[in-house]
Amino acid sequence: MTTLVKNEQRLFRAELRQGRLRAGRYSLRFDPRTVLVCLALIVVTACLVVLSVGTGTYELSPTEVLRTFAGNGPPGAEFIVLDLRLPRALVAVLVGFGTGMAGAVFQSITRNPLGSPDIIGFGNGASAGALVAIIFLNAGAPQTALGALLGGFATAAAVYLLAWRRGVHGYRLVLVGIGVSAVLGSATSFLYIRADIGKAAQAASWMIGSLNDRGWSEVRMAGLGLIVCVPVILVYGRRLTMLEMGDDTAGALGVPPERSRLILLCAGTGLTAMAVAAAGPIPFLAMASPQLARRVTRAAGPNVLPAGWMGALLVTAADLVTQRVTGSALMPVGVVTGVGGGLFLAWLLLRERKAQHV
């Protein structure tokens with residue numbers, strides 16, 4: 001009996017190292033390095049949240065922030081931390097996670113690193129819908145979220161139908177999406193011209209991607225998007241891997257390509273729309289997060305969870321930079337991600353050029 005137990009223990013440790021777990025009839029496969037990367041990203045993001053919450057005119061040390069979370073912080077810190085700063089930090093985490101995961105879904109479906117929602121028009125569609133609500137309807141947070149959701153899904157439907165030709169292929173989806181994105185950019189400019197100067201200034205600040213004045217309503221908005229869409233993406237994550245192999249291979253393995261692609265497009269569009277409604281369109285985030293996550297995990301496949309946590313880390317870090325550099329929280333976080341994303345894209349193109357010459 002002792003020998004049998006030892007053999008079972010050795011087998012369990014071997015399977016754990018290989019990324020397999022069994023429980024009765026059920027089994028779970030995972031990549032140990034990917035799990036460790038996700039845990040590291042969560043820890044670093046949590047540390048940045050604590051630093052961000054402690055940053056401001058009323059400076060707090062990380063220890064004081066943690067004590068405030070526990071309910072025994074310095075006098076007056078509870079209102080500043082829990083009511084003013086924590087919602088902003090949570091919006092950064094939720095928006096970053098949703099945008100990073102949506103970017104991984106779209107890049108996997110299109111099999112193209114440029115197939116992120118902000119480049120192929122889905123983000124612009126959500127932005128246009130939200131701008132209509134802000135400028136013409138004087139909408140609050142719930143109406144803005146609804147406008148972003150309707151705009152995002154209308155754009156997704158238009159791109160999907162225009163790209164359809166006996167199925168939707170990745171390169172055609174990207175090309176049609178870029179064209180639709182250009183049209184939506186012109187429509188957004190027209191909305192600015194028609195708006196009065198106060199609404200135009202408010203919309204311009206929001207369009208860059210900003211976390212200023214974000215409260216618990218935006219936290220609930222972004223959280224609702226994650227609660228609804230993330231389980232769908234996780235359930236269909238294996239199908240994403242099959243779709244990357246091509247429609248014929250996916251069909252041969254029992255995965256219906258078009259139905260799976262449509263469901264994943266809807267879930268990714270929902271994440272994008274709710275993120276845009278909560279913080280505005282944050283440039284390059286959806287494109288950079290999956291690429292960085294894949295390079296860190298060194299794992300094949302969509303890497304949806306690592307991409308989500310990488311997005312949360314990037315937005316939280318960018319928000320901390322805006323506060324540290326300017327001494328306030330007035331600079332939109334999209335400025336930092338835009339500069340960093342532009343440099344990352346240049347590095348990516350340079351690396352690709354060098355690889356072609358090898």
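Predicted model: local features only at pLDDT ≥ 70, side-chain atom pairs only at ≥ 80, totals over all residues.
Local features are reported at pLDDT of at least 70 and side-chain atom pairs only at pLDDT 80 or more, while totals for chains, interfaces and linings use all residues. Residues are numbered from 1 along each chain as its sequence is written, and side-chain values use heavy atoms, with hydrogens and water left out.

**Overall make-up**

The protein contains 15 helices and two strands; helices (H or I, at least four residues) and strands (E, at least two) are DSSP runs, numbered from the N terminus. Of its 358 residues, 49% are buried, where buried means under 20% relative accessible area, exposed over 50%, and partly exposed in between (1.4 Å probe, protein chains only). The protein exposes about 17700 Å², of which carbon and sulfur atoms supply 66%; accessible areas come from the Shrake-Rupley method with a 1.4 Å probe, and for residues only the protein chains shown count as cover. Among contacts (heavy atoms within 4.5 Å) between residues at least 6 apart in sequence, 73% join residues at least 24 apart.

**Helix 13 and its flanks**

Helix 13 spans residues 285-297 and has 13 residues. From its first C-alpha to its last it reaches 18 Å, close to the 18 Å expected at 1.5 Å a residue; the expected span is 1.5 Å times one less than the number of residues. Its buried residues are Leu285, Ala286, Met287, Ala288, Ser289, Pro290, Gln291, Ala293 and Thr297.

Methionine 287 is buried because its relative accessible area is 1%. Not counting residues up to four places away in sequence, methionine 287 touches Gln107, Pro113, Leu114, Ser116, Asp118, Ile119, Phe344 and Leu345. Leucine 114 is 173 residues from methionine 287 in sequence, yet the two are 6.6 Å apart in space, C-alpha to C-alpha.

Phenylalanine 284 is found in the loop between helix 12 and helix 13, and it has a positive phi of about 65° although it is not a glycine. After helix 13 comes arginine 298, whose phi is also positive, near 55°.

Threonine 272 is in helix 12 (residues 257-279). A polar atom of its side chain lies 2.9 Å from the backbone oxygen of glycine 268. Beyond residues up to four places away in sequence, threonine 272 touches Ala102, Phe106, Pro117, Phe122 and Gly123.

The loop between helix 8 (197-207) and helix 9 (216-235) holds asparagine 212. The side chains of asparagine 212 and arginine 88 are joined by a polar contact of 3.0 Å. A polar contact is a pair of N or O atoms within 3.5 Å; within protein, one must be able to donate a hydrogen and the other to accept it, and residues adjacent in sequence count only if both atoms are side-chain atoms. Aspartate 213, in the loop between helix 8 and helix 9, has a positive phi of about 60° although it is not a glycine.

**Accessibility of selected residues**

| Residue | Relative accessible area | Class |
|---|---|---|
| Threonine 272 | 7% | buried |
| Asparagine 212 | 14% | buried |
| Phenylalanine 284 | 25% | partly exposed |
| Isoleucine 42 | 33% | partly exposed |
| Aspartate 213 | 78% | exposed |

**A nonpolar surface patch**

Isoleucine 42 belongs to helix 2 (residues 32-54). With Val35, Leu36 and Leu39, Ile42 makes a nonpolar surface patch of about 340 Å². Patches are made of residues with over 30% relative accessible area and no salt bridge, like charges being joined within 9 Å and nonpolar side chains (Val, Leu, Ile, Met, Phe, Trp, Tyr) within 5 Å. A salt bridge is a side-chain nitrogen of Lys or Arg within 4 Å of a carboxyl oxygen of Asp or Glu.
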